[in-house]
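Hi everyone, thanks for coming. Let me put the sequence and the structure on the screen, and then we'll walk through them together.

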Amino acid sequence: MDKVMRMSSEKGVVIFSKSSCCLSYAVQVLFQDLGVSPKIHEIDKDPECREIEKALMRLGCSQPVPAVFIGGKLVGSTNEVMSMHLSSSLVPLVKPYLC
């Protein structure tokens with residue numbers, strides 16, 4: 001859990017992803033389209049992948065990936081991020097982190 005919390009605070013917007021996950025890719029593209037350059041952690045390339053997945057689930061992620069953190073706080077997975085985007089509440093959150 002400590003590793004996940006440390007990793008989630010490395011940059012303003014952090015996405016825990018898997019290289020083969022299409023939903024992770026869609027969330028990454030959304031942030032890039034908004035002008036944000038998120039820190040991407042592809043956990044399937046981390047030897048502690050299973051522990052990271054468990055920690056993300058304990059933090060409240062409905063799915064282990066994608067897990068989006070903004071300002072070190074868990075925003076959620078694809079559903080939460082897309083809902084925020086559609087309701088126009090995502091842009092104000094990421095505004096401080098625009099490139």
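Predicted model: local features only at pLDDT ≥ 70, side-chain atom pairs only at ≥ 80, totals over all residues.

Let's start with strand β1, residues 13–17, and strand β3, residues 67–70, which pair in the antiparallel sense over 4 bridges. Two strands count as paired here if DSSP finds at least two bridges between them.

Residues are numbered from 1 along each chain as its sequence is written, and side-chain values use heavy atoms, with hydrogens and water left out.

Now the whole sheet. In general, the strands of a sheet pair through backbone hydrogen bonds, either parallel or antiparallel. In what order do the 4 strands run? The order is β2-β1-β3-β4, in an open sheet with mixed pairing. At the edges we find β2 and β4 (73–76), each pairing on one side only. From one strand to the next, the twist averages 25°. For angles like this, axes are lines fitted to C-alpha atoms, for helices over the stretch in contact, and the angles run from 0 to 180 degrees between N-to-C directions.

Helix α2, residues 22–33, packs on the sheet and touches β1, β2 and β3, where contact means heavy atoms within 4.5 Å. The direction of α2 makes about 165° with that of β1. Helix α3 packs on the sheet too, touching β1, β3 and β4, and its direction makes about 65° with that of β3.

Next, the salt bridges. By salt bridge I mean a side-chain nitrogen of Lys or Arg within 4 Å of a carboxyl oxygen of Asp or Glu. How many are there by this rule? The count comes to 5. One of them joins the side chains of K3 and D46, at 3.0 Å from N to O. This pair links distant parts of the chain, with K3 in helix α1 (residues 2–8) and D46 in the loop between β2 (39–42) and α3 (49–59), 43 residues apart.

K3 also has E48 as a salt-bridge partner, with the closest N and O atoms 3.6 Å apart. Here again distant parts of the chain are linked: E48 is in the loop between β2 and α3, 45 residues from K3 in helix α1. Together, K3, D46 and E48 form a network of salt bridges.

Is D46 buried or exposed? D46 counts as buried, because its relative accessibility is 18%, and the cut-offs are under 20% for buried, over 50% for exposed and partly exposed in between, using a 1.4 Å probe and protein chains only. K3, at 21%, counts as partly exposed, and so does E48, at 38%.

Another salt bridge joins the side chains of E42 and K45, at 3.0 Å from N to O. E42 is partly exposed at 28%, while K45 counts as exposed at 61%.

Finally, two backbone details. The peptide bond from V65 to P66 is cis, with omega near -10°, and P66 sits in the loop between α3 and β3. S88, in the loop between α4 (78–86) and α5 (90–94), has a positive phi near 65° although it is not a glycine. S88 is exposed, at 54% relative accessible area.

How values were computed
Helix = DSSP H or I, 4+ residues; strand = E, 2+ residues; numbered from the N terminus.
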